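Look at the sequence and the model below before reading on. The text then goes through the structure one part at a time.

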Amino acid sequence: MMEGNHSGTEVNLVLLGMTGTGKSASGNTILGKKEFISRVRSNLVTTECQEAETVINGRHVRVIDTPDIFDDEMKSSIKEHVGNCKDLSQSGPCVYLLVMHVSRFTDGERDTLEMLETAFGSKVREQTVILFTRGKDLEQGEMSFKSFLDQCQPDLKTIVEKCRGRCVVFENHASASGSDQVEKLMQIVDGMLK
Ligand SMILES: Nc1nc2c(ncn2[C@@H]2O[C@H](COP(=O)(O)OP(=O)(O)OP(=O)(O)O)[C@@H](O)[C@H]2O)c(=O)[nH]1
Ligand SMILES: [Mg+2]
C-alpha cells in the first residue's frame, strides 16, 4: 500500500483475456514501461497474477496482469487466480479490461463475459472496458475503429453492447507509447468512476 490517501483518485485496472491477446503488452503500454513479460509463444507466457503501479493525470493506477484464467491448464486453479487478483486490488475500485485481438475473435471468446461474471460476480459487465490490441492491423486494412465495430461479427457486437460500447484500441509498440491511446482509456475509466 502506498502512503497517503488515494480515495477517489485511485483505480485498479485488471487485464483479462485469452493467452496471446496482448494483456501484458497492454499493461506495459498503460504503465509506460516494461514491467510485465510479453512475448510470442505458443503456450501461456504469464502464469501468475502480477501488479505494477503508476500515476496517470493525478490518478493512482494499479495495473494487474493475469494469466489466461480460462485456459484448460489454468482452470484447475482459477479460484486461486481470481482470489489473488482480488487480493491485489483490495483498495480502490476495479475496472476490468477485457483484452482481445482486433483481427481475431475466436469461438472461445464468445462466452468470456459470462465466464468473467461467474468468476468475478454479476456486475462485471458494468465495470468492463474492451481493449482491442493490434490497432495497426486496422490501419493496414484501411478500416476505422468505428467501422470495425459496426461490421464485426454478431457475437462480438453483443459483447460490446453488453459493455455499453466501452472500448478502445491499442497498438502496443514501443513507438506507440507517446500516442493518445492511454489517454482515451483513462477518459472512459474516469467516466465510469464518477
Ligand atoms: N503488433 C502488435 N503485437 C502485439 C500487440 N499486443 C501484443 N502484441 C504481441 O503479441 C504477443 C503476445 O503478447 P502478450 O502481451 O505476451 O500476451 P498475453 O495476453 O499477456 O499472453 P499470456 O501471458 O500468455 O496470457 C507478443 O509478441 C506481443 O508483442 C499489438 O498491439 N501489436
Ligand atoms: Mg501475459
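Why does H173 count as partly exposed? The model is a predicted one, and the reason is a count of neighbours. A residue is buried if 20 or more other C-beta atoms lie within 10 Å of its own, exposed if 12 or fewer, and partly exposed in between. H173 has 13 C-beta neighbours inside 10 Å, so H173 counts as partly exposed. This residue is found in the loop between β6 and α8. Along the sequence, H173 and S26 are 147 residues apart, yet their C-alpha atoms are 9.3 Å apart in space.

With 13 C-beta neighbours inside 10 Å, S91 counts as partly exposed. Its place is in the loop between α3 (78–88) and β4. S91 and R134 are 43 residues apart along the chain, and 31 Å separates their C-alpha atoms.

Next comes the sheet. What is the order of the strands in the open sheet of 6 strands? The order is β2-β3-β1-β4-β5-β6, and the pairing is mixed. At the edges stand β2 (50–56) and β6; each has a single partner strand, so one side of each is left without a neighbour in the sheet. Neighbouring strands are turned against each other by 25° on average, with direction ignored.

Some of the pairs can be followed in detail. Strand β1 covers residues 10–16. With strand β3 (residues 59–65), β1 pairs in the parallel sense over 5 bridges, and within β3 the bridge partner of V11 is V61. Strand β4 (residues 94–101) is also parallel to β1 and is joined to it by 5 bridges; here L13 stands opposite V95. Another parallel pair is β5 and β6, with 3 bridges. In that pair, I130 stands opposite C167 of β6.

Is strand β1 mostly covered or mostly open? Of its 7 residues, 6 are buried, which makes the strand mostly covered. In soluble globular proteins, nonpolar side chains tend to be buried together. The largest nonpolar core of this model has 33 residues, and L13, V14, Y96 and L97 are those with the most contacts inside it. At least two residues of this core come from each of β1, α1, β3, β4, β5 (128–133), β6 (167–169) and α8 (181–193). Among them, β4 gives the most, with 7 residues.

The last part is the ligand. Which residues come nearest to ligand 1? Of the 22 residues around it, these are G22, S24, A25, S38 and T46. Helix α1 (residues 23–31) supplies the largest share of the shell around ligand 1, with 3 residues. Sorted by class, this shell has 10 polar, 6 nonpolar and 6 charged residues.

Methods:
Residues numbered from 1 in each chain as written. Chains lettered and ligands numbered in written order. Predicted model: local features only at pLDDT ≥ 70, side-chain atom pairs only at ≥ 80, totals over all residues. Near = placed C-beta within 6 Å. Helix = DSSP H or I, 4+ residues; strand = E, 2+ residues; numbered from the N terminus. Nonpolar A, V, L, I, M, F, W, Y, C, P; charged D, E, K, R; others polar. Pairing = 2+ DSSP bridges. Core = buried A, V, L, I, M, F, W, Y, C linked by C-beta atoms within 7 Å. Axes fitted to C-alpha atoms, helices over the stretch in contact; angles between N-to-C directions.
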